[in-house]
Amino acid sequence: MANIWQKDIMYLKKVGPQRAEALRKHAQIRTYRDLIHYFPRKYVDRSRVTKIGEISGEASFVTLVGRIARIDVNASKRGRSILTASFTDGTGEMVLTWFQSVKWMQKSLQVGEEIAIFGKPTMYNGRWQITHPEIDKLQEGGEKKQAIQIVPYYSSSEKLQRVGLDSRGIRGLMLQLLQESLADVEETLSPGVIEQNGLMSKKEAIRHIHFPQDFHSLQAAQYRLKFEELFFFQLMMARRQQKAKSVHAAPPFGKIGPNFHAFFEQHMPFELTGAQKRVLKEIRRDLAKPVQMNRLVQGDVGSGKTMVAFMTMLMAKDNGFQVALMAPTAILAEQHYRKITKMAGKVGMTTAILVGGQKKAKRTEVLERIASGEADIVIGTHALIEPSVQFKQLGLVVIDEQHKFGVVQRAKLWRKADPFPHNLIMTATPIPRTLAMTVYGDTEVSVIDEMPPGRMPIETHVLGESKRLELFGFVTRELERGKQAYVVYPLVEESEKLDLIAAEKGHELLERHFKNFRVGIVHGKMKPDAKEFEMQRFVKNEVQILVSTTVIEVGVDVPNATIMVIENAERFGLSQLHQLRGRVGRGGGKSYCFLMKGKKLSTDGRKRLNAMKETTDGFRISEFDLELRGPGDFMGTRQSGLPQFMLANIVEDQEILIAARDTAFELIGRDPDLLDPMCQEMRSYLERYMKSQALLGTVA
């Protein structure tokens, strides 16, 4: 946009220093550009003018056009001033009433003045009345037509209203701004992109987003501006992906060798699913190239991601490289270590584990094995990124539950290899397609959407406190059959002490009730070795009931555990509930999840519990969770990698997102540096856009 858009908002007619200060402080509007992008929060169709004589008992909001016949100011019983005005349109008369801003309204209204009013009529003392109607004076030229058509409503606040900047006041400023500056709106998309997607021009879109001629023009304007937001984000992702392919050189894995073949042919514990085979082919294709693989593997709990990751590790070993697997917790790292060590040993591969809290002698030994190349697969937590960790030949990095790690942490691990190692990311948190396209736009995404055969669905029930004794009876019968149970309590930062007390009291209660069984407890406040000791007791069935907080949310694998009880389940997010439920059903038998609800259940809480009861499909749950929470909360603001879109909503605007992504990636594939003369404005805008989004998280 032209330099006029950097102009201080103070210099816009009708603003001045006082209003400019209020706009800066309470709406973050500092420049003409900020104001033009302050889009309406809603629109009201006033195009149908109602007559007073037509109003019926079912009347909702109406637009009326008429004149003020009389104005009166009276005092209420409490001594407050009340302004009433008699309003007529020739078919009847009604009363307009104000209890607030009486002096200002008294100065503003004039008998005989033609106005358009908008509000909800109610019957009072046998007459129609509207309290605090919205008013537009029709003799003010430019606003006359607008007042009785589609009217934009802008977000305001009490402090803005004090300086006359309610929605109507902001609307007046917007009208002034467009009169002064609409001609200076510059096109940001190339003619080809506009034509290919049937888009309105930028200038027309800005005009109609603020003052639409009709709903068709409003929808076209919204589509154009949403498309532009999503398009430039996807264009940035496409450029990053293109750059990564040219800059991030990585060693090609040219062969499938003896380790892979020996394990696949002699030691594979089960037949791979079709989805696992498909994902392995996608990985194999990436690894054969001399550029860094950057692939996210999504799969529901129990879908076999670890096996896919291990088969990829075998490819690395066959090509002479070491592997690092980074997990978010020591418990999960230990579990991966045990499982992978068992499989790796069958083909003579060696493993090592590096976590915080290890004794100095043990740590020194592990560091030496990593540096010498003796350790083929190194599994650990954040400890892997410490400067003292040096690999002999790192060729593959596997990140488990990558959203638990920051961009900088992942980059530190990559820098331990030259050239870059290949990058495989695993997540058991299914991410809806549109969100994956936005957050991981510069990453290839594979989906394991098939469960191993014989896996029985987990039966889920929502129970109230009145059903607790019945539940305890069921748990007792399962334990007598030799099975085990988890009982999970919420642990929310704001009330950690209370939550921990609840978990400890729950532990005492269960010990008293289940006297014939052993009850353990594990939570995040315990020291790592104490936590691991308790977990191992449960794994070995020395403990039959494990009371826990959400430290067992991800990855913990005890096939003998068939019951998951989640206390105050409404306090958990859907993703957490699904992950916790996935801790059971790991063996071949029937498993159960009981969601214990509290007395006070919010509407959203009820929806979450119902969704859990209705399906065990993680992808369906993730779609519902995204709709319920929105993209920022779904990903978590800290590492979301999500841009702040002004208009676009990646949940509601999926079709626009897909069209924008397809256009962006096709364009970069054809013209990576946007050198086409018709793309010059677009390239210039993209460069500015990329600078503004420089802090966004990215996998590449």
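Student: Which strands does α20 lie across, and at what angle does α20 run to β21?

Tutor: This is a predicted model, where local features need pLDDT of at least 70, side-chain atom pairs count only at pLDDT 80 or more, and totals for chains, interfaces and linings use all residues. Residues are numbered from 1 along each chain as its sequence is written, and side-chain values use heavy atoms, with hydrogens and water left out. Helix α20 lies across β17, β18, β21 and β22 (592–596).

Student: What is the strand order of the open sheet?

Tutor: Helices (H or I, at least four residues) and strands (E, at least two) are DSSP runs, numbered from the N terminus. Two strands pair if DSSP finds at least two bridges between them. The sheet has 6 strands with parallel pairing, in the order β17-β22-β21-β18-β20-β19.

Student: Which strands stand at the edges, and why is one side of each left without a neighbour?

Tutor: An edge strand here has a single partner strand, so one side is left without a neighbour in the sheet. The strands are β17 (459–463) and β19 (519–522).

Student: How many bridges join β19 to β20?

Tutor: Strand β20 covers residues 545–548 and runs parallel to β19. Val-522 stands opposite Ser-548 in β20. The number of bridges is 4.

Student: At what angle do the axes of α20 and α21 cross?

Tutor: Helix α20 spans residues 574–581 and α21 spans residues 603–614. Their axes come within 10 Å. The crossing angle is roughly 35 degrees.

Student: Which residues of α21 make the contact with α20?

Tutor: Contact means heavy atoms within 4.5 Å. On the α20 side are Leu-574, Leu-577, His-578 and Arg-581. On the α21 side are Arg-608, Leu-609, Ala-611 and Met-612.

Student: Is Leu-218 buried or exposed?

Tutor: Leu-218 sits in helix α9 (residues 215–247). Not counting residues up to four places away in sequence, Leu-218 touches Tyr-43, His-208, Ile-209 and Pro-212. Buried means under 20% relative accessible area, exposed over 50%, and partly exposed in between (1.4 Å probe, protein chains only). At 3% relative accessibility, Leu-218 counts as buried.

Conventions. Axes fitted to C-alpha atoms, helices over the stretch in contact; angles between N-to-C directions.
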